[in-house]
Amino acid sequence: MFIKVKPCCIFLKKELFEAAKTFKMLIMGIVFVIFGMLSPLTAKMMPQIMQWALESDPSSAGMINATAIPEPVALDSWAQFISNITQMGMIVLVIVFSGMLSSELSKGTLTMILTKGISRADILLSKLTSAAIIWTGSLSVSFLTCLGYTAYFFEESLPNLLSAAFCLWLSGMFLLALTALFAALTKKGYICMILVGASSVVLQMLNMIPKVSRYNPATLSSFSLAHGVITGETAAADFYPTLIVSGAFTLIITAAAVIVFNKRKL
Amino acid sequence: MSNVLSIKGLTKNFGNVEVLKGLDLSVPEGAVFGFIGENGAGKTTAMKIVLGLLERGEGEVIVCGEQARYGKTAAGVGFLPDVPEFYPYMKPMEYLTLCGEISGMKKREIKSRGEELLKLVGLSKAKRKIGGFSRGMKQRLGIAQALLNRPKLLICDEPTSALDPAGRKEILQILDSLKEQTTVIFSTHILSDVERVCDYAAFLHGGKIVLNGALSEIKKRQTDSYSITFSQSSDALRFKAALGGNDCRIDENGGNSVKVKNEDGGKIIALLSANNLVPLKFELLEHNLEDLYLKIVGGAGKCS
């Protein structure tokens, strides 16, 4: 029996095929695996690196023995991981997906596809879902790599790692929704990228207001939250409001992106 | 013959610019319909509204029996843009498969129809990625994708404007071969292309259709030039004198023919009779499309 697959799923298949053919998937995979490997490695090597730095600096002569470099632990590895993902990882994510609509709109590849019976909402949601799948896969691979190397180097396990990873994942999803909205609004990928960056800066600045930070999606990508979740310093009740508000905003921004794209002149 | 497309009083504004000012158009089923107009006349705007790619202002657009709706192209419509763009990493059959699946076609049907169409457009042996295709090859693949789900109406937006003469010839031959299969609307400002393949035409000017109908009828309807040949050049001179201030000239070749422009045929016959002049030949000179186009662009009112 022939199963009629909905246009959204067909376009999602095309998006994933495109991501593989245009190396987006590979780039994301490699970059995030590197983050996963480098984080425990850097944490392990940090005392050695600091010692080399001190030895090569003549002005620090005599301080070497006096400087007590603490022995690294598994938490240092995860701290490095969180730092890498929330900074470089998010930047790579936005760079890779900021052109999700602009390249198709500028070339005109969507015009013929739209006359085949697929809606603009289907197209935007397929693109966003594809980006979300690649983001989830990349983060998972990175997380598992970090987990493996951390276990190998430090032979200790930490609780709440999945909760911390979930915060990072949701933070990425929020950024992707924001990227989709600006991609639907703008004509050029780099303008979309600048707007996402500017929005992130504004949201980070809003965190200076203590009452806002509890509900601010930018809090999810802050080092202190993820670190606090792993160490147990941040109680679940403290970050649940951030998760709920971020999830809600991700959905609202996605809906706004669909509305904007529906109105956009091709 | 029923109409596959019917547009009544269609308007469209872009800001303060009124592009379509009450466009009325009917396209009979089975026609190859030339949609003629200068650059910026609103041809693409009208087509995009028909395709549901652009919101309309006022008016009614019935395409393949259903009201055109923004955001949803009516079933049974195929579209070929002026410069079709594809995913460069795909092969022709992969692209047709994507289009077919989105259209809801069965896999087996996509394969057989895809192969049939690639053969029709001469791309059955092109197995490489579309990124390496020439513009002409992309145009031919564009026709194949537009015909994939056997559309009742094929809309082609200036399909030959970006091609070299050889590419134009190929595309026109393919469009000509589709006459039996589907209705074709073909927007262009290349008038020789219309004369070559179209049997109906409409001229869009100033946001309205100023001339519309079967091509042969349009040419006849707009004819107001005559050639009157006499046995002697003296008769030609007498007739010219009788015409007085009318727009006429003696033919250079032999001097026994008079060409009269912008005059009613009945009046000319009456004038010949009044002057006892018996012509050897009384001929109605048909306009070619270029004359008509220039006449319309120069002053729409005269052609209505």
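This note describes a sheet in chain B and the interface of chain B with chain A.

1. The model is predicted: local features need pLDDT of at least 70, side-chain atom pairs count only at pLDDT 80 or more, and totals for chains, interfaces and linings use all residues. Residues are numbered from 1 along each chain as its sequence is written, chains are lettered from A in the order in which they are written, and side-chain values use heavy atoms, without hydrogens and water.

2. Chain B holds an open sheet of six strands with mixed pairing, in the order β6-β7-β8-β3-β9-β10. Strands are DSSP runs of E of at least two residues, helices runs of H or I of at least four, numbered from the N terminus; two strands pair if DSSP finds at least two bridges between them. The edge strands, each pairing on one side only, are β6 (77-80) and β10 (208-214) of chain B.

3. In chain B, β9 (residues 200-205) pairs with β10 in the antiparallel sense over six bridges. Within this pairing, B:F203 stands opposite B:L211.

4. Between chain B and chain A about 2700 Å² is buried, 64% of it from carbon and sulfur atoms. Buried area is the accessible area (1.4 Å probe) that two parts lose on being put together, summed over both. B:Y87, B:Y89 and B:I102 supply 26% of the area that chain B buries against chain A, more than any other three residues.

5. Two salt bridges are counted between chain B and chain A, a salt bridge being a side-chain nitrogen of Lys or Arg within 4 Å of a carboxyl oxygen of Asp or Glu. One salt bridge joins A:K13 and B:E101 (3.4 Å, N to O).
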